[in-house]
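Me: I am new to this structure and would like to learn how to read it. Could we go through the features in turn?

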Amino acid sequence: MVAGEDLRDGWSAPLPKEIFAVHSQGEDKDAAARGVAKALSVLLEDYYRPGWVPAVFNERRAPLCGAGGPMPTWPFAEQNHNLGFPSFGVLRDFVLLLVARLHLSVGETVLAYTILERALLTEPTIMRCYSIRPMFLGATVLACKLTRDNRISLEDLRVRLDDVFNTLELSLLKNIELQMLEVLHWRVPLCSTTYQTYADEIFA
């Protein structure tokens, strides 16, 4: 800085308004969140394939969080397979946030992971640090719609998250859900044996 320089128009990203923390959701739900976070970290490290990533899954182009949000975006948007990966703690907090805010059951958490992994089997190139949160969010939305008897409103799900994902507009959430369905070719896994296999691995 030059002495006497006028910095009144200087800009920097504001600090988060709060220290973000997700409280325990109970032993079983916490264990499911930890297991899914560990599984996601393994996918990030082992499942990189060069190629196409849908724009709505790319947080560099369509971030879930803006400046000043309580949950950081940079471990996802700025990291890559050359620079490193989001830590296990960051992934766990993200999964536990969805469990807490969307009132996910253990079964719904496992189903969301099952959907995401099936999407990767269909389109192996879409796994990136900057795509994993939108993808898992989309998988979670589908899991809620598949397992709950009452009608699920996307706007209701969105508003439960909007203080954390402060740039998540309804249109983006709709497009994430639609893109996940298209990646899956509109075929969501519905086999209970499959769910049990994933549950056994997550809780191992």
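Reply: Start with burial: buried means under 20% relative accessible area, exposed over 50%, and partly exposed in between, with a 1.4 Å probe and protein chains only. By that rule, F94 and F165 are both buried. This is a predicted model, in which local features need pLDDT of at least 70 and side-chain atom pairs count only at pLDDT 80 or more, while totals for chains, interfaces and linings use all residues. Residues are numbered from 1 along each chain as its sequence is written, and side-chain values use heavy atoms, with hydrogens and water left out.

Me: What share of the residues of the protein chain counts as buried?

Reply: Of its 204 residues, 49% count as buried.

Me: How are helices and strands assigned, and how many does the protein chain have?

Reply: They are DSSP runs numbered from the N terminus: helices are H or I with at least four residues, strands are E with at least two. The protein chain has eight helices and zero strands.

Me: How do I judge the span of a helix such as α5?

Reply: The expected span is 1.5 Å times one less than the number of residues. Helix α5 covers residues 132–147, 16 residues in all, and reaches 22 Å from its first C-alpha to its last, close to the 22 Å expected. Helix α1 has 20 residues and reaches 29 Å, close to the expected 28 Å.

Me: Is α5 mostly covered or mostly open?

Reply: It is mostly covered, with 13 of its 16 residues buried. In α1, the buried residues include A32, V36, L40 and L44. As a general point, an α-helix has 3.6 residues a turn, so residues three or four places apart point the same way.

Me: What is a nonpolar core, and which residues have the most contacts inside the largest one?

Reply: A nonpolar core is a set of buried Ala, Val, Leu, Ile, Met, Phe, Trp, Tyr and Cys residues joined through side-chain atoms within 4.5 Å. In soluble globular proteins, nonpolar side chains tend to be buried together. Here the largest core has 62 residues, and F136 and F165 have the most contacts inside it. Helices α1, α3 (88–101), α4, α5, α6 and α7 (170–183) each supply at least two of its residues. The largest share, nine residues, comes from α5.

Me: Which residues does F136 touch?

Reply: A contact means heavy atoms within 4.5 Å. Not counting residues up to four places away in sequence, F136 touches V36, L40, F94, V95, L98, T109, A112, Y113 and L116. One of these, T109, is found in helix α4 (residues 106–122). T109 counts as buried at 2% relative accessibility. Leaving aside neighbours within four places in sequence, T109 is in contact with A32, V36, V95, V99, L104 and F136.

Me: What do contacts say about the chain as a whole?

Reply: Consider contacts between residues at least 6 apart in sequence: 82% of them join residues at least 24 apart.

Me: How are aromatic pairs read, and how many are there?

Reply: Rings of Phe, Tyr and Trp (its six-membered ring) pair if their centres lie within 6.5 Å; planes under 30 degrees apart count as stacked, over 60 as edge-to-face and the rest as tilted. The whole structure has three aromatic pairs. One of them, F94 with F165, is tilted, at 6.2 Å centre to centre and 50° between the planes. F94 lies in helix α3 and F165 in the loop between α6 and α7, 71 residues apart. F76, F94, F136 and F165 form one aromatic cluster.

Me: What counts as a salt bridge, and how many are found?

Reply: A salt bridge is a side-chain nitrogen of Lys or Arg within 4 Å of a carboxyl oxygen of Asp or Glu. A search of the whole structure finds seven. In one of them, the closest N and O atoms of R133 and E59 are 2.7 Å apart. R133 lies in helix α5 and E59 in the loop between α1 (27–46) and α2 (74–77), so the pair ties together parts 74 residues apart in sequence. R133 is buried at 0% relative accessible area, and E59 is buried at 2%.

Me: Where is there a salt bridge with partly exposed residues?

Reply: R92 and D93 meet in a salt bridge at 3.5 Å, N to O. R92 is partly exposed at 30% relative accessibility, and D93 is partly exposed at 25%.

Me: How many disulfides does the structure hold?

Reply: A disulfide is a pair of cysteine sulfur atoms within 2.5 Å. The structure holds zero. C65 is buried at 4% relative accessible area, and C129 is buried at 1%.
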